[in-house]
Amino acid sequence: MRIAVSGSIATDHLMTFPGRFADQLVADQLHTVSLSFLVDKLDVRRGGVAANIAFGMGQLGTRPILVGAAGADFDEYRAWLERHGVDTDSVRISDTLHTARFVCTTDADHNQIGSFYTGAMSEARLIELKTVSDRVGGLDLVSIGADDPEAMLRHTEECRSRNIPFAADFSQQIARMDGEEIRILLDGATYLFSNEYEKGLIETKTGWSDAEILSRVGHRVTTLGARGVRIERTGDDPIEVGTPDEERKADPTGVGDAFRAGFLSGLAWSVSLERAAQVGCMLATLVIETVGTQEYQLRRGHFMERFTKAYGDEAAAEVQAHLS
């Protein structure tokens, strides 16, 4: 099964300031503020929702096709993804713009000052899925994640016109989209991904009830945080899957992307939706135990040991056949 994962590709530059921002701000001079913070720590991490999802799928051996836009500075990131099983040949490289970047400084009180540079992500709207499909011999599913809004709309319309099944997963972009845009992006989706809060926001912005949305998508996949995930389809009983026990909680960033990576890998293996959700929850647990969205290691023996403990021998035997 050939799955293309579209969405943002970015790097995060995370810095730590040992003092307090509040101590540096003069109340009656904020209109002329000019400050420089001497930081004592810098972490550069790979990110972007599409790259995070593709990385996880690559770890599981499903060779996803990454679709997005990056800059000429993407070479090192590309090599990293390729080493971890991701097809990056459909990434558009901008001639003039850098890869999208988030730069953030956190102080001793965990206050943050940050900026997001969209950069090359704005050129994702120029990518045609037909070109991607022709290169790999057809696409069975396109996951349309948070990206340049015009790119998300174009990919959705192209999937409809070419009868390519797609997953709607607009996550971070839902805040800036109006109801009409959201209706366009989800209508006819084979899968609609969101967390519990986004689920309510989608219903509020579209004006459609839960039942109306279910009638317009194949499956509604709602992540529930520590409670796991719920999968709904009109006429069927919901499927609910819990999460494995955590060994520790280090950083929740990227947990949703990891779930999607596991779930989509399960679809690529043609296992049941329940089994795919279990793989997603197991991978998400590994990410929450690690600082960074692509810093975890998938050691197959360790993965299967914990998967078996959480979901039982029968489930483990089915997944093991694909993971090995």
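**Entry 1: L25**

I began with the contacts of L25. Not counting residues up to four places away in sequence, L25 touches L30, V33 and L35. The model I am reading is a predicted one. I placed L25 in the loop between α1 (21-24) and β3 (41-47). I then looked up how open the residue is: at 42% relative accessibility, L25 counts as partly exposed, because the value falls between the limits of 20% and 50%.

**Entry 2: helix α2 and its packing on α9**

I turned next to helix α2, residues 49-59. Is α2 enclosed by the rest of the structure or open? I found that 11 of its 11 residues are buried, so α2 is largely enclosed by the rest of the structure. The buried residues include V49, N52, I53, F55, G56 and M57. Just after α2, I recorded a positive phi of about 85 degrees at G61.

I then examined how α2 packs with helix α9, residues 255-269. The axes of the two helices are 8 Å apart, and the angle between them is about 50 degrees. The pair is therefore classed as oblique. I noted the crossing of α2 and α9 as right-handed. On the α2 side the contact is made by V49, N52, I53, G56 and M57, which meet D257, R260, A261, L264 and S265 of α9. Sorted by class, this contact holds five nonpolar, three polar and two charged residues.

**Entry 3: the nonpolar cores**

I looked up the largest nonpolar core and found 55 residues in it. Those touching the most other members are L81, Y191, F259, F263, L283, F303 and F307. Which helix gives the most to this core? I recorded helix α10 (residues 273-288), with 10 residues. Another core lies apart from this one; it has 31 residues, among them V67, M152, I174 and L186. As background, I note that nonpolar side chains tend to be buried together in soluble globular proteins.

Leaving aside neighbours within four places in sequence, L283 is in contact with G56, L60, A258, A261, G262, Y296, L298 and F303. Of these partners, G56 is a buried residue of α2, and A261 is one of the α9 residues that α2 meets.

**Entry 4: M282 and helix α10**

I then took M282, which is in helix α10. At 0% relative accessibility, M282 counts as buried. Its contacts, apart from neighbours within four places in sequence, are P244, F303, R306 and F307. F303 and F307 are among the residues I had listed as touching the most other members of the largest core. I also noted that M282 and M304 are 22 residues apart in sequence, with 9.3 Å between their C-alpha atoms.

How are α10 and α12 oriented to each other? I read an angle of about 80 degrees between α10 and helix α12 (residues 313-323), with axes 11 Å apart. The two helices are therefore roughly perpendicular. In this packing R275, Q278 and V279 of α10 meet A315, E318 and V319 of α12. By class, I recorded three nonpolar, one polar and two charged residues in the contact.

**Entry 5: H155**

I located H155 in helix α5, residues 149-161. With a relative accessible area of 1%, H155 is buried, because the limit for that class is under 20%. Beyond neighbours within four places in sequence, H155 is in contact with S6, V67, A124, I127, L129 and I144. V67 is one of the residues of the 31-residue core.

Most residues other than glycine have a negative phi. S171 sits in the loop between β10 (166-169) and α6 (179-186), whereas S270 sits in the loop between α9 and α10. Is each of these serines buried or exposed? I found S171 buried, with a relative accessible area of 13%; S270, at 64%, is exposed.

Methods: Residues are numbered from 1 along each chain as its sequence is written. This is a predicted model: local features need pLDDT of at least 70, side-chain atom pairs count only at pLDDT 80 or more; totals for chains, interfaces and linings use all residues. Side-chain values use heavy atoms; hydrogens and water are left out. Helices (H or I, at least four residues) and strands (E, at least two) are DSSP runs, numbered from the N terminus. Buried means under 20% relative accessible area, exposed over 50%, partly exposed in between (1.4 Å probe, protein chains only). Contact means heavy atoms within 4.5 Å. A nonpolar core is a set of buried Ala, Val, Leu, Ile, Met, Phe, Trp, Tyr and Cys residues joined through side-chain atoms within 4.5 Å. Axes are lines fitted to C-alpha atoms, for helices over the stretch in contact, and angles run from 0 to 180 degrees between N-to-C directions. Angles under 35 degrees count as roughly parallel, over 145 as roughly antiparallel, 65 to 115 as roughly perpendicular and the rest as oblique. A crossing is left-handed if the near helix is turned anticlockwise from the far one by less than a right angle, and right-handed if clockwise. Ala, Val, Leu, Ile, Met, Phe, Trp, Tyr, Cys and Pro count as nonpolar, Asp, Glu, Lys and Arg as charged, and the others, Gly among them, as polar.
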